[in-house]
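Please open the model in your viewer and keep the sequence panel beside it. The tour below goes from one selection to the next and says what is to be found at each stop.

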Amino acid sequence: MKTECIEHRTALHCSALDEKTVSVRIKTGKDVTAVFLVAADPFTGGVSPSDPWDGERIPMEIEAELRNHFMWKACAHAEWRRLQYYFEIQQGGERLIRLESGFYTPEEFAAYRGLRQYSRFPWINSSDINLPPRWVKETVWCQIMPDRFCARLDASGKRPATKVWKCEDGMSHADFYGGDLPGITSRLEYLKDLGFSGIYLTPVFLSGSYHRYNTDDYYTIDPDLGTRQDMKEMVDKAHSLGIRVMLDAVFNHCGTGFFAWRDVLEKGEASPYKDWFFINSWPVENSGKDTRDGRFYSFAFVSEMPKLNTDNPEVQEYFTRVCASWISEWNIDGIRFDVGNEISHDFIRNLSRRLKKQKPEIFLLGEIWHDSLNWLSGGEYDSVMHYPFLIDLWEFWATPGRVQADLMYGMNNSLTMYRDGLAASLFTFLDTHDTVRAASRCGNNDTLLQQLAFLLTMPGSPCLLYGTEVPLTGEDDLQGRKCMPWERMDRGDFQPFSGEVKKLIGLRNSLPQLRTSVCVWNPETAGSRLVSYARLYGDLPPVVVFLNASGTAEKVRVDGNFPPVSGKPRRPEILYSRLFSPEEGLLEPGGILVFGFAGNK
């Protein structure tokens, strides 16, 4: 047995799903043929460590196949909210006992008379459960950049000169187009009709830029976007339509107009706010050149975005009050934290504790582009922007030599990299305002629709960047921030494509199987670019997805053989198809097929 491939740590591989249920995972090599979790309350045999103890033997199941490992999982009942456990691992006829202290043969384990170092989940505190709000996994988001979405206010009253509203390339960072909050409000029915149940707004507070990620005042709605009342009306209307609202919090850095930074520039070392920032030389030079000289720290060396010291208790208190005011005044549903990996863990823990007390169902989302385990172990962010999901998807479609197994390994890794119970609420997407537009990356609408189908039928809380349904293009993050072409959209110019997007979102909203974390991959297509998997939920019939990412038509079996189940025969029912011939059973390149089963519950 390859014991060097076996990995388990309680902090990493155990999760409290409720006050009496612990999910336990263990990673093994692919040579392992069976794993049993042996678990019980640690005090069933007595209080003394020398008292005899043993537990219930629970078969573990393979949750996910990774490239070089299996991830096994079992859930154990903890009647008294405590759990002690060990593993029995088999490879053919070989059997080993795995404790925290190492591996033992059954004979060694039985003969050992010293203290046994079992693994233990010592107590399930309510705060240990800490799963994202239930509504998150039910939500399909639309990310909106307010300046580019829709304009309704009189442009003559806006501070910068606004360009004529036009969906165009060649934009610069100095361009304002004048989108605003009343504009978003006027299009909420449109978003609802497409099937969106959440909107995530990039920053809306006072700033000197169109993107507003250099915030000058966190309490003031940028007047070019509207007023506090406009925000209230937008949120109230969204809620009346069943749409949640998430705001962007830029607390890693601020703009040069922020009161504390202005005070530092004016008073130097005498400023009471000097410790709100990271200033390395006095007086502060704010010449506009980048900060690679180290005179002060800023976001990405951008001098217009001085970095805030979020370890400072005063900074923590200020921004916690900011978030509390957003919730109390507008009843927002979520907060996304820009550059969430550079914000102090201490700050996020304190802020989360305060905000969850104010509104238990508030959703706290961190913008983190890499492995986010350190922020998702409990008590900080509810979820993160799941860039590993995007990278695995991106690499599969961009690399013709990759097959379904490669995609499966990547997806299974990204879905099991955090504690159990999170996968269905990780924030998944094809693009954001910080990336190339998915339409440009895909190169054609067939591939874009395939990737949208994948996004909307895989675990996660999916988000589409505004205008994906048109679809808007953009070869980089700047040119991807185009204006919505409302005149053409209202004329119906994009209806054929947007109609397909609406159908795919509709599938997501109507099928509970698509809103869970259970995904089973079809072994028959593992070595090809015909991708096939099933989504499962309880006793409901599975939903099966086929995506043809190859260059030729592929024969597809629409039957009840996958995934295999016992019981009466299942009758397939096509739920969505594109570029599929039912008569011939052929799925064309770029084709999509989603089917379920009727009358087999």
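Buried means a relative accessible area under 20%, exposed means over 50%, and partly exposed lies in between, with a 1.4 Å probe and protein chains only. This is a predicted model, in which local features need pLDDT of at least 70 and side-chain atom pairs count only at pLDDT 80 or more, while totals for chains, interfaces and linings use all residues. Residues are numbered from 1 along each chain as its sequence is written, and side-chain values use heavy atoms, with hydrogens and water left out.

Begin by selecting L579, which counts as partly exposed because its relative accessibility is 34%. L579 is found in strand β25, where strands (E, at least two residues) and helices (H or I, at least four) are DSSP runs numbered from the N terminus. Although L579 is not a glycine, its phi is positive, at about 60 degrees. Most residues other than glycine have a negative phi, and most peptide bonds are trans.

Is N130 buried or exposed? N130 is buried, because its relative accessible area is 18%.

Two peptide bonds can then be inspected. The bond from V470 to P471 is cis, with omega near 0 degrees, and P471 is found in the loop between β20 (461–465) and α15 (486–491). The bond from F562 to P563 is also cis, with omega near -10 degrees, and P563 lies in the loop between β24 (554–555) and β25 (571–581).

Now select F427, in strand β19 (residues 427–429), which is buried, with a relative accessible area of 1%.

For the next stop, display helix α11 (residues 387–398) together with helix α14 (residues 445–457), whose axes come within 12 Å and cross at roughly 145 degrees; axes are lines fitted to C-alpha atoms, for helices over the stretch in contact, and angles run from 0 to 180 degrees between N-to-C directions. The contact is made by F389, L393 and W397 of α11 and by T447, Q450, Q451, F454 and L455 of α14.

Grid points are joined across faces, edges and corners, and a volume is the space filled by probe spheres set on the points. The structure holds one cavity of 30 Å³ or more, and the largest cavity has a volume of about 40 Å³. To see its lining, select D147, K158, P160, T162, F176, G178, G179, R212 and D224. Finally, the second largest pocket holds about 470 Å³ of space and is lined by 23 residues, of which P49, S50, D51, R116 and Y118 lie nearest its centre.

Key:
On a 1 Å grid over the protein atoms alone, a cavity is a set of points where a 1.4 Å probe fits but cannot get out, and a pocket is an open set with protein on both sides within 12 Å along at least five of seven lines; lining residues have an atom within 4 Å of a point. Contact means heavy atoms within 4.5 Å.
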